[in-house]
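Dear colleague,

My findings follow directly after it.

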Amino acid sequence: MSNDLLEPFQRLLDDVSPPEAVRRTENEDGAPAIWAALRDSGFVDALVSEEHGGAGLSPAEMAPLLIAAGRHLLPLPFGETMAARAIAAGAGHRLEDAGPVLLWPLDREGRARSIVPPIRGGADLALVQQAGRATLRRVVAGGRDGFGFVTAALDTGSAPIASFELAEDSLLYWAAALTVAAMAGAMAGVLDMSIAYVNERQQFGRPLGKFQAIQQQISVMAERVAMASVAAQGVLARPLPGPAALDVAVAKPVIDAGASIVCAAGHAAFGAIGITAEHDLSLFTRRLKRGLLAFGGAQPWAKALGRARLAQAGGTSVDFIRALQHG
Amino acid sequence: MTTLLDSFVRSHIPSSAEALRGEVKAFLRSWMADRPAHVRARSWSGFDAAFSRALGERGWIGLTLPRDHGGGGADAFTRFVLVEELLAAGAPVAAHWIADRQSAPLILHYGTEAQREHFLPRICKGEMYFCIGMSEPNAGSDLASVRTRAVRDGDDWLLSGQKIWTTYAHKSHYMIALVRTSGGPQDRQAGLSQFLVDLSLPGIDIRPIADLTGDAHFNEVFFDEVRLPADALVGTEGAGWAQVNAELAFERSGPERIYSSIVLLDAWVRHLANLPNAAEHEARLGLLLARMAVLRDMSIAVTARLAAGESPATEAALIKDLGTELEQDIPREIGEALAADPSAPPDEELLRTLAFVSQVNPAFSLRGGTREILRGMIARGLGLR
């Protein structure tokens, strides 16, 4: 883990993306000041190769930052913009003046690969993929969804800005990987808040954290947070061009299962105050619950992993999972 | 939490350690070829002295111990590779298992030079087996309340009391026993010491206890004024509590806490591969494999910390709790899947394997520290309590 990058990045997040700023962006659609700080920091070109003017870093080196962004609720498509810039640069297109960019994978028939559209996060552009072709398209605000986020909609009237070939489903794997990395971070955020709260909140004359039942719950949360963090590092471990299908097939089911447990335990720890609109807990849990619905959820990915195992039923499961892993 | 989270940094097994894998696989192919899955599934409880000696001949017991004590001088990653392959194959590791995982590291860290010279080479050859004398009828998770006592008699010690759930005491040469040498139960952790007890001494009575499958691997052990020489004490008198905790940290740190049900899982995979409607079970299989893959990465991350000379006890407890949960879920998931399809019944071998693993799986989260104790440790590591 590249702590040289992580520490300055965390300081930046503390400055530009405190909970009150995050909450404001949910009401106002977009966060130009946060975007400007992020753009100026240079982090969004981290994955672009040095020959194209970027930092030439690997997804694995950026994984801790992507998890940290989720933990700090960074209300922008940070990882998505970073991936879009690297993908486009590889095809000869520069996006440095483009602002935030969303990832928008479609199936061959042109239908979205997720039942929840991307949160707009101030983006005017999306990299859209259908079959083996990626196009850069305009997006507009799509209205507020049931989770309280302003979504994006493809601006079907406008002409594509750029178009290039891209290995089929690359964007789906990137989008799913970045979603679960942000979820892993948000899970850690719930844990951070919960630990602070149970150590402080007194009931029956002592802090909640002194009760064994609460200790067990918090420990279970911590286990799932640690597991999600390693899963997120794993899904981002493959060098560019980036995640493969089975990388997501390992990470998405594990992180989704953990996210449900962490949301439930976090809300249980906070009690009624946690389900009020003004409390920050739901900034995390609304994102997590929405993430569970993204890019197929856990089931189809788990099925793909099981199918791959049955295709090589001869060896042991250790052989199989070793072959999945890399780096 | 920041500290605990930051210690799970994904790592990888270096190629120097991976180099051993092919050799281990080849060795296991010849040993394991004709053993049915329900026998291999007993791995941890499979006692086979000939197998242990064969491992010892190859230098695969005490792999991380120093060479001048008969060990392999290898790093924690090399041991990870070895243990992973042993468990994936369902190798019968019980005879040397405790000596290799707990007793030898304990003797290396806390023993005298004479104790090291006596015990470590014999352990490494696969010729000397150990059991653990921790639990007593009234001291399970609450280990500090042990009542078995050693009192001084001249230079010797006289040991009296009772241990229980002592795995393979009836086939082991030595027990490392945690006993009281001063004070009483009210003194809790103070006044406890560890002894190397030669199980052939007069005054020791070992009685097997059958488990719920009918297997007999654990025992109750009675001590009636057993005379122990002065050099039976291991480590420092009165420091037994700290030593036991270090010992349990060695025990919890390996890849062992993911794979207890892997023989069953792979037997089910072979069953599915011949099933026309296997696709119905792919998601269930994939969910188990996804968890196993991430837990393996977590275990490698902790192994990297061990290889760097650290002692990541809380992290090991965390992986053990998650890992045993997977090990326990595997027989339940497979049972549900098989039961739902009476038109494609499993063969006798798979059904027997399932029966065994689903009956013994509660033990996975009892041995080496219960789930509840581990979660208490994690909570303390998080700054609660």
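In this predicted model, the centres of domain 1 and domain 2 of chain B, taken over C-alpha atoms, are separated by 25 Å. The domain assignment places domain 1 of chain B at residues 8–128, domain 2 at 132–238 and domain 3 at 253–381. Where domain 1 of chain B meets domain 2 of chain B, 13 residues of domain 1 are in contact with 12 residues of domain 2. On the domain 1 side, the elements that contribute two or more residues are α7 (94–110) and α8 (113–124) of chain B. Of these, α7(B) gives the most, with 7 residues. By class, that side of domain 1 comprises 8 nonpolar and 5 polar residues, with no charged ones.

I turn next to the interface between the chains. The contact draws 45 residues from chain B and 46 residues from chain A. On the chain B side, at least two residues each are supplied by α1 (2–6), α6 (76–89), α10 (262–273), α11, α12 (313–339) and α14 (371–381) of chain B. The largest share, 16 residues, comes from α11(B). The side of chain B that touches chain A divides into 28 nonpolar, 5 polar and 12 charged residues.

Helix α11 of chain B (residues 282–307) also packs with helix α10 of chain A (residues 299–310), at an angle of about 90° and with the axes 6 Å apart. Since angles of 65 to 115 degrees count as roughly perpendicular, α10(A) and α11(B) are therefore roughly perpendicular to each other. Among the residues that meet here are A:Gln299, A:Ala302, A:Leu305, A:Arg309 and A:Leu310 from α10(A), and B:Glu282, B:Arg284, B:Leu285, B:Leu289 and B:Ala290 from α11(B). In terms of class, this helix contact has 9 nonpolar, 3 polar and 5 charged residues.

As to chain A as a whole, it contains 11 helices and 7 strands. Its radius of gyration is 20 Å, close to the 20 Å that the globule rule gives for 327 residues, so chain A is as compact as a globular protein of that length. The C-alpha trace of chain A spans about 65 × 55 × 40 Å along its principal axes. Of the 327 residues in chain A, 51% are buried. Among contacts in chain A with a separation of 6 or more, 71% are between residues 24 or more positions apart.

With kind regards

Notes: Residues are numbered from 1 along each chain as its sequence is written. Chains are lettered from A and ligands numbered from 1 in the order in which they are written. This is a predicted model: local features need pLDDT of at least 70, side-chain atom pairs count only at pLDDT 80 or more; totals for chains, interfaces and linings use all residues. Axes are lines fitted to C-alpha atoms, for helices over the stretch in contact, and angles run from 0 to 180 degrees between N-to-C directions. Helices (H or I, at least four residues) and strands (E, at least two) are DSSP runs, numbered from the N terminus. Angles under 35 degrees count as roughly parallel, over 145 as roughly antiparallel, 65 to 115 as roughly perpendicular and the rest as oblique. Two residues are in contact if their C-beta atoms, placed from the backbone, lie within 7 Å. Ala, Val, Leu, Ile, Met, Phe, Trp, Tyr, Cys and Pro count as nonpolar, Asp, Glu, Lys and Arg as charged, and the others, Gly among them, as polar. Domain bounds come from an automatic or database domain assignment. The radius of gyration is taken over C-alpha atoms; the globule rule is 2.2 Å times the number of residues to the power 0.38. A residue is buried if 20 or more other C-beta atoms lie within 10 Å of its own, exposed if 12 or fewer, and partly exposed in between; C-beta atoms are placed from the backbone.
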